[in-house]
Amino acid sequence: MDFFLGADMKKRVILAGHGMVGQKFLEQLAERAGDWQVEVLCEEPRPAYDRVHLTSYFSGSSAEQLSLTPPDFFANTGYALNLGEAVVAIDREAKTVRSSLGRVLPYDLLVLATGSYPFVPPLPGKERPHCLVYRTIEDLEAIKASAVGARSGTVIGGGLLGLEAAKALKDLGLATQVVEFAPRLMAVQIDELGGRLLRRKIEALGVAVHTQKNSTDIVDGEQGRHRLRFADGSHLDTDLILFSAGIRPRDELARSSGLAVGERGGIVIDNHCRSSDPSIYAIGECALWEKKIYGLVAPGYQMAEVAAATIADAAAPAQFQGADMSTKLKLMGVDVASIGDAHGATVDALNYVYSDEVAGIYKKLVVSGDQKRLLGAVLVGEAADYGNLLQFALNGIALPAHPEELILPAREGGAKKGLGVELLPDSATICSCNNVSKGALCSAVAEGCTSLGALKKCTKAGTSCGGCAALVKQVLDAELKAQGFSISNHLCEHFPHSRQELFHLVKLGGLKSFDAVLLKHGQGRGCDICKPTVASILASVWNEHILKPRHAAIQDSNDYYLANLQKDGSYSVVPRIPGGEITPEKLIVIGQVAQRYGLYTKITGGQRIDLFGARVEQLPLIWKALVDAGFESGHAYGKSMRTVKSCVGSTWCRYGVQDSVGMAIRLEHRYRGLRSPHKIKLAVSGCTRECAEAQGKDVGVIATEKGWNLYVSGNGGMKPRHASLLATDLDDASLVQYIDRFLMFYIRTADRLQRTSTWLDNLEGGIDYVKKVVLEDSLGIAAELETEMQGLVDTYECEWKKAINDEQTLKRFRHFVNSAEPDANIQFVDERGQIRPARAAEKITETVA
């Protein structure tokens, strides 16, 4: 029998399991005064790692990057970590445990943090090769190995974990399908309307979704390794099956040792996380409190803190009183959030619902019958309101007179309703994962944590799931403002600069790659915020081809393929048609290309013809056919100048006073390919009847008897804004000169993803300030702005033409890394004489036996 060294009579603590919750327990225990001898038995071959972000393993993160254990943690604490060694038996009478290596270890206190295991439905055939689960890094490695030679993968389970698993398969390049028994995805967290929108968004990413499917067995497939059969007689053929249908608590140690367990599993604990044996604690997903299993990391962390506090001070034990199960996630790039009573089960509950199916946004508030308290909420497609709504729910804060304003878009000219962090009590929990209150954040700021990174490091707020990050920033800003500090506008944690500052640093420093910018002015490896932002800046300054090797990896997905990704995984191709003017010969070419590749054609509001339904390997072939006929890229995929819309003007129209088509073509040729913080649209109307709708564009030109009136910062999109008049009765040269200055000034000074309308509304001095800069050269930079624009005009190259003439670039245009085969999951049906994407039900109908 192996024993702890007991000469110093330290209290002997054994931790069974070393996952996220187990590591949190150790950290909490180490922070408290006490003399313990701690030994950790971990069944896995590596220390605790981040299961919340497990899918990042498929997109480049290593096991080391996922690790939650500081390299020197065990050396500094003196705790012993035993990897690959699990507790297999407990002798409560002798107060010993037996390990998988045969060691017998005594304990004074035993903490069970054994977590959970994936539930695998009892399907005949579930033991077949390439039928796997998604839980550990070892599971991920098995999935990667199974994906070699596979073309398709299917996830059984459409909950949180199921959609995470689907992302993993998608990242591996497999045609991915999700099968769910319930009538909608994430049935526990979101309602029917939210589930419908989520499904549409998931399917738009190329993942087929099959709900209300009762799987019966798994047999040999004809078009894949397996055939998954359903009770309704239909089936799916697939190469790889992932079970992600929920979890079950690992309570076998408790059962075999006689501890109390729940009827449906879980180690019964009290408010101090003690089991029915006061010497044994249980925390995390293996624990059952008030007949509830908590499957999120935040409640597990709270249990870990309670157990550590109770062990450290048994005379005044801390208490676990349940946990809020609200959650905010980004599932396959789709924002989803659920708060409290999301289904409105409370008696007399009332609902406020906002749905914008065009923008892909769904929001619901569940309020009390007297409309004074927020009971729950559902957010799909946009979850920026999550932090404020959660605080309303958790703290019982009285709702405004019109609660619906909390989820409605801001009215034109007004600010969006919300809850200022100043109104939150100090006791309000900001970070549920790490149990950090507003008061704790304020105290940390007062003690010197004056940056977001320092505040996170000090309090750990926002370092787990990240759902509270925006609210943490609001608290920081409010406290700094109260102390007289200026508020940081840093782009992200990797760059202590705003986009405007980075633009100037790139230009003045002659920096021409993301690595160079990061090395000179940043830190870390970059993220999804700074990479495309820097990519845009580099394109705006140097105008190099965005798919050059040093630029390609930091582009957004659309830019990466020079095309727009559509809902079924296919792409759209949009050739430039300057001013909307096109010859019959070019119209015929577009028709021939559409016929040759079976594409859907649509005339857009921007006076172009969009071609939909192209597979990724077809893109270069389509581009070549168009380029050979004299077309160029229309940049519909980029944050760039899109179109210059026009009416027929004085050439044909009896009301026209200027050649609007000629001016539109001139402007489109000048600004084609111009990269900017957000998309830019222009229009030219030949008279004040305004048929081109120029006053709803970023740059609008309207003809007068004396020349042209110039309007700027209009927007006809989700938040319409009437353009502001910048100058009147301009000649052609002055018009172009002022547009040059305006656009370059916007590109220099706007924030990332900020339209000209929002930029102008947030610009101190507004349109009057812009007039002084552009018309009066108040800053003395007019010549610079004009020179910069001319440089971009002179170095323009068609991105499609450049791509099709570069062999290395062409290699990226294939769906599968390990095969030249097309994506079989992209299927079409006929409708109104053209193709459209096949819906999930239509796809599955084709595989019915």
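Is His-545 buried or exposed, and at what relative accessibility? At 7% relative accessibility, His-545 counts as buried, where buried means under 20% relative accessible area, exposed means over 50% and partly exposed lies in between, with a 1.4 Å probe and protein chains only.

The notes below concern a predicted model, in which local features need pLDDT of at least 70 and side-chain atom pairs count only at pLDDT 80 or more, while totals for chains, interfaces and linings use all residues. Residues are numbered from 1 along each chain as its sequence is written, and side-chain values use heavy atoms, with hydrogens and water left out.

1. His-545 and its surroundings. His-545 lies in the loop between α15 (530-542) and α16 (549-552), helices (H or I, at least four residues) and strands (E, at least two) being DSSP runs numbered from the N terminus. The side chain of His-545 reaches the backbone oxygen of Glu-799 at 3.1 Å; a polar contact is a pair of N or O atoms within 3.5 Å, of which, within protein, one must be able to donate a hydrogen and the other to accept it, and residues adjacent in sequence count only if both atoms are side-chain atoms. Leaving aside residues up to four places away in sequence, His-545 touches His-551, Glu-799, Lys-802 and Ala-803, contact meaning heavy atoms within 4.5 Å.

2. Helix α10 against helix α12. Two packed helices are described by the angle between their axes and the distance between the axes. For α10 (residues 438-446) and α12 (residues 469-482), the axes come within 10 Å and cross at roughly 50°; axes are lines fitted to C-alpha atoms, for helices over the stretch in contact, and angles run from 0 to 180 degrees between N-to-C directions. The two helices are therefore oblique to each other, given that angles under 35 degrees count as roughly parallel, over 145 as roughly antiparallel, 65 to 115 as roughly perpendicular and the rest as oblique. The crossing of α10 with α12 is right-handed, a crossing being left-handed if the near helix is turned anticlockwise from the far one by less than a right angle, and right-handed if clockwise. On the α10 side the contact involves Lys-438, Leu-441, Cys-442 and Val-445, which meet Val-472, Val-475, Leu-476, Glu-479 and Leu-480 of α12. By class, this contact has 7 nonpolar, no polar and 2 charged residues, where Ala, Val, Leu, Ile, Met, Phe, Trp, Tyr, Cys and Pro count as nonpolar, Asp, Glu, Lys and Arg as charged, and the others, Gly among them, as polar.

3. Helix α10 against helix α11. The axes of α10 and α11 (residues 452-459) also come within 10 Å, and they cross at roughly 120°. This pair is therefore oblique, and α10 passes α11 in a right-handed crossing. Ala-440, Leu-441, Ala-444 and Val-445 of α10 make the contact with Leu-455, Cys-458 and Thr-459 of α11, and these residues divide into 6 nonpolar, 1 polar and no charged.

4. Leu-480 in α12. Leu-480, one of the α12 residues that meet α10, counts as buried at 4% relative accessibility. The C-alpha atoms of Leu-480 and Leu-54, which are 426 residues apart along the chain, are separated by 35 Å.

5. Helix α21 against helix α23. These helices, spanning residues 732-749 and 766-775, pack at an angle of about 120° with their axes 9 Å apart. They are therefore oblique to each other, and the crossing of α21 and α23 is right-handed. Tyr-738, Arg-741, Phe-742 and Phe-745 in α21 meet Tyr-769, Val-770, Val-773, Val-774 and Leu-775 in α23, a contact that has 8 nonpolar, no polar and 1 charged residues.

6. Positive phi values. Most residues other than glycine have a negative phi, and most peptide bonds are trans. Leu-562 is not a glycine, yet it has a positive phi of about 55°; Leu-562 sits in the loop between α17 (557-561) and β28 (564-565) and counts as buried at 0% relative accessibility. Arg-832, also a residue other than glycine, has a positive phi near 55° and is found in the loop between β37 (828-831) and β38 (834-837), but Arg-832 is exposed, with a relative accessible area of 73%.

7. Glu-192 is found in helix α6 (residues 192-204) and, at 59% relative accessibility, counts as exposed.
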